[in-house]
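Please take a first look at the structure below.

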Amino acid sequence: MAELAIRGGAAVRPQGFPPWPVWDDRDVDAVADVVRSGNWGGFPEPGPNAAEFEARFAAYQGAEHGVLMANGTVTMEVALKALGIGWGDEVIVPALTFTATAYAPMAAGALPVIVDVTPETWTIDPEQVEAAVTPRTKAIIPVHLGHQMADMDAVARIAAKHGLAVAEDCAHAPGQQWEGKGAGCIGEFGSFSHQSSKILTAGEGGTLLTNDDRLARLAHSIIDCGRAKDPEEREFTLGANYRLGEFHAALLLTQMDRFEEQRKERAATGAYFEELAPQVEGVRIMARDPRITRWSFYNYIFAIDPDAFAGATNGTVAAALEAEGIPAEVQYPPMNRYDLFDPSRSRLPVAVEHAGRLDTSTMSFPVAEEAGLRQSIYLMENTFRAGGEGIEDVVEALAKVRKHANELPGPAE
Ligand SMILES: Cc1ncc(COP(=O)(O)O)c(C=O)c1O
């Protein structure tokens, strides 16, 4: 009889993990209050709940300004546009991230220049960034992936040396701090997502943080159809409507009330996972950088060695963990495997002069390819909200899948 749940055996954790998002009557009342107020939309921008959330979230991360908008993709597009980046410019992005990170430069009219990640953290490799800088380079978008942060000391150094802007993609990183500075407060802009799976969510939404008064005004203007936001109302922009409505903003305020407690809980159970998981042969912890001084994460990413799992790669092992009741998945392929860059499937909307530079047949990202196609497994945030007992079940499931790896489905199944 098979042991693994994926083959019909008994699951390690049939009761599952706590659901997300967490909500109660406070959230219901906040939404009802917006209904009663009659002030539902995002215009005039910002609405009262939006303005309150912007101020609270910016203060929590340590930035001067927050600009709330539709999602954590347009945030990065708006950041680049506010920085004056567009046609003919290049923006350096990592090869292991969600497609939005590369979409944003293209939406602003610029070319995403994709570079590999480091084997230690799977975040952007500073040496590769330095090598990719050309006279056209205008910005770097480091991504704080999973429970890690990009090496912001190195990124800031390279940016200063070459006069580049930095827009941090912090979709995974609300709450994180690097050497005492909040994620999203180190570069010119920090971009956050409030999409439903993210750890500070209203279902949809995104926030840009910045310490620069003028950049904040320009971002507010770009998301509000170009309306001028300076006191004399002279500085119009080429904007569109990327506003977020008051219902979402009200939910972000109630979610913010719970955030710090949830962050501490995940950080404590995350540390316990790091203690236990290395006991399982073939499991490698991507140790967090000691310069991360306040730890907060969306998903936790670890590595498996396929040889220890009878040759099975990350997708198969994650599916087996799922069957055992552990919320695990493989999130991102390397960027050169995204359909967006497959000419047979995608009509990439970039200027002709750029097209040849996005030819995936010439791209090679050995570290991101090994991570994305063979090693990386993401544990979802709720795995870290079931106490020590939840973590023990995760580790038990990993050990079980490894022990019975000969039962795992082969590539042809
Ligand atoms: C790294 C990263 N950047 C950007 C985004 C885009 O955020 P949104 O879904 O709010 O547009 C996401 C997730 O969705 C993400 O994981």
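Predicted model: local features only at pLDDT ≥ 70, side-chain atom pairs only at ≥ 80, totals over all residues.

## Nonpolar cores

In soluble globular proteins, nonpolar side chains tend to be buried together. Here the largest nonpolar core has 111 residues. Phe273, Phe302 and Leu321 have the most contacts inside it. Helix H8, residues 246-276, gives the largest share of this core, with 8 residues.

What is Leu321 in contact with, leaving aside neighbours within four places in sequence? Leu321 touches Phe302, Ile326, Ala328, Ile377, Ala397, Leu398 and Val401.

## The cavity

Rolling a probe the size of a water molecule over the atoms shows where empty space is left. The count is 1 cavity of 30 Å³ or more. The largest cavity has a volume of about 50 Å³. Its lining consists of Gly42, Glu45, Pro46, Gly47, Ala50, Glu54, Leu68, Arg243 and Leu244. By class, that is 4 nonpolar, 2 polar and 3 charged residues.

## The pockets

The largest pocket has a volume of about 300 Å³. It is lined by 22 residues. Nearest its centre lie Phe98, Ser193, Gln195, Lys198 and Tyr332. The lining has 8 nonpolar, 10 polar and 4 charged residues.

The second largest pocket has a volume of about 180 Å³. Its lining has 11 residues, with Val113, Ile114, Arg357, Met363 and Phe365 nearest the centre. This lining divides into 7 nonpolar, 3 polar and 1 charged.

Technical notes
Residues numbered from 1 in each chain as written. Heavy atoms only, no water. Core = buried A, V, L, I, M, F, W, Y, C linked by side-chain atoms within 4.5 Å. Buried < 20%, exposed > 50% of the residue type's maximum accessible area, 1.4 Å probe, protein only. Helix = DSSP H or I, 4+ residues; strand = E, 2+ residues; numbered from the N terminus. Contact = heavy atoms within 4.5 Å. 1 Å grid on protein atoms, 1.4 Å probe; cavity = no way out; pocket = protein on both sides within 12 Å on 5 of 7 lines; lining within 4 Å. Points joined across faces, edges and corners; volume = space filled by probe spheres on them. Nonpolar A, V, L, I, M, F, W, Y, C, P; charged D, E, K, R; others polar.
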